[in-house]
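This briefing covers a sheet, the helices that go with it, and a few individual residues. Please look over the structure first.

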Amino acid sequence: MSLVFAGACSHAPGITGRSERADPEIRDAFYAAFDRLRGALEASRPDVLIVIGAEHFANFFMDNMPAICMGMAEYYEGPIEDEEWLGIKYRKGPGNPVLSERLIKTVMQDIDLAYAQEWKFDHGIIVPLHFLAPRNDLPVIPVNINCQGPPLIPLHRCYEFGRALRRACDAQSERIAIVGTGGISHWPATPDSGTINEAWDREFLERFVNNERDALLAYTDEDTYREAGQGGFEIRTFVAVAGATEGARGELWFYAPIPIFAVGCTIATMAVA
């Protein structure tokens with residue numbers, strides 16, 4: 001078939017782990033936007049969901065840090081974090097290794113890509129799945145873009161990966177959905193945790209939903225680190241979605257800084273026509 005859905009969302013552990021401490025009105029509006037995103041995803045009737053995330057040294061560390069890696073496991077399990085702390089119960093869900101291999105081979109025609117037949121999910125993927133695939137029956141293919149350990153892959157290569165992934169998806173018979181998940185501005189595991197740069201976030205999201213390639217790729221890591229923290233490097237996942245939907249525009253369904261969640265919380269979609 002082809003790519004049938006594309007979206008983006010935040011994934012911070014506080015979204016589920018500190019739910020009761022957030023402003024109820026803002027939290028509930030955020031959760032409602034997640035529900036809306038799930039409804040749109042389900043309406044697209046995907047056979048598989050590709051989650052483009054940024055894991056946090058759960059599977060990859062500095063002894064072996066691929067720039068981009070795609071999973072090709074039979075199943076995936078998580079969270080690796082404590083269930084009570086994260087507020088999400090352990091789950092074991094299906095993958096699609098046959099489709100993964102086809103996608104990997106096709107993407108490799110244009111972009112060097114690592115792959116992993118074993119993968120445990122941390123909050124970077126399990127939090128979005130908690131909202132978007134609560135029945136745990138939708139096959140998932142994870143993608144990790146290194147947003148943790150410099151040197152980081154340049155933004156223009158993330159965009160090109162998205163373009164290559166789109167070509168690979170469109171060459172398949174399955175109906176494929178993509179969700180990118182990351183930041184935006186946040187300073188996790190630092191004394192500045194809870195700080196959010198709303199103005200920076202909104203400017204980035206404006207560029208994202210309008211799919212302004214040149215503007216998206218104009219960010220430098222130095223500027224991002226200064227204005228959006230080390231968590232801001234996760235814009236790479238959004239940039240990949242923009243590449244996968246090149247020429248299309250999107251809609252921002254929710255954005256609000258929620259300090260107790262320690263991130264600017266985002267829900268957005270991108271057209272795939």
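Helices here are DSSP runs of type H or I with at least four residues, strands are E runs of at least two, and both are numbered from the N terminus. The model is predicted.

**Strand pairing**

- Strand β2 pairs in the parallel sense with β8 (residues 175-181), over five bridges. Valine 51 has valine 179 as its bridge partner in β8.
- Strand β2 also pairs with β7 in the parallel sense, again over five bridges. Here isoleucine 52 has valine 143 of β7 as its bridge partner.
- The pairing of β3 with β7 is antiparallel and runs over three bridges. Isoleucine 145 in β7 stands opposite isoleucine 68.

**Burial of β7**

- Six of the six residues of β7 are buried, so the strand is largely enclosed by the rest of the structure.
- Both faces of β7 are covered: one side carries Val140, Pro142 and Asn144, the other Ile141, Val143 and Ile145, and all are buried.

**Helices on the sheet**

**Helix α5 and its cap**

- Nine of the 10 residues of α5 are buried, so this helix is largely enclosed by the rest of the structure. Among them are His123, Gly124, Pro128 and Phe131.
- Aspartate 122 is in the loop between β6 (114-116) and α5 (123-132).
- The N-terminal end of α5 is capped by aspartate 122, with a side-chain oxygen 2.9 Å from the backbone nitrogen of glycine 124.
- Aspartate 122 is buried but has no salt bridge. Arginine 91, the nearest side chain of opposite charge, is 12 Å away.
- Not counting residues up to four places away in sequence, aspartate 122 touches Glu55, His56, Ala58, Ile80 and Glu81.

**Glycine 7 in β1**

- Glycine 7 is placed in strand β1. Its relative accessibility is 0%, so glycine 7 counts as buried.
- Apart from neighbours within four places in sequence, glycine 7 is in contact with Ile178, Val179, Gly180, Val241, Ala268, Thr269 and Met270.
- Glycine 7 and alanine 242 are 235 residues apart along the chain, and their C-alpha atoms are separated by 9.5 Å.

- Serine 44 is in the loop between α2 (24-43) and β2 (48-53).
- Serine 44 has a relative accessible area of 8%, and is therefore buried.
- Apart from neighbours within four places in sequence, serine 44 is in contact with Val4, Phe5 and Arg175.

Methods: Residues numbered from 1 in each chain as written. Predicted model: local features only at pLDDT ≥ 70, side-chain atom pairs only at ≥ 80, totals over all residues. Heavy atoms only, no water. Buried < 20%, exposed > 50% of the residue type's maximum accessible area, 1.4 Å probe, protein only. Lys, Arg positive; Asp, Glu negative; His and termini not counted. Salt bridge = Lys/Arg side-chain N within 4 Å of Asp/Glu carboxyl O. Contact = heavy atoms within 4.5 Å. Pairing = 2+ DSSP bridges. Polar contact = N/O pair within 3.5 Å; in protein donor to acceptor, adjacent residues only side chain to side chain.
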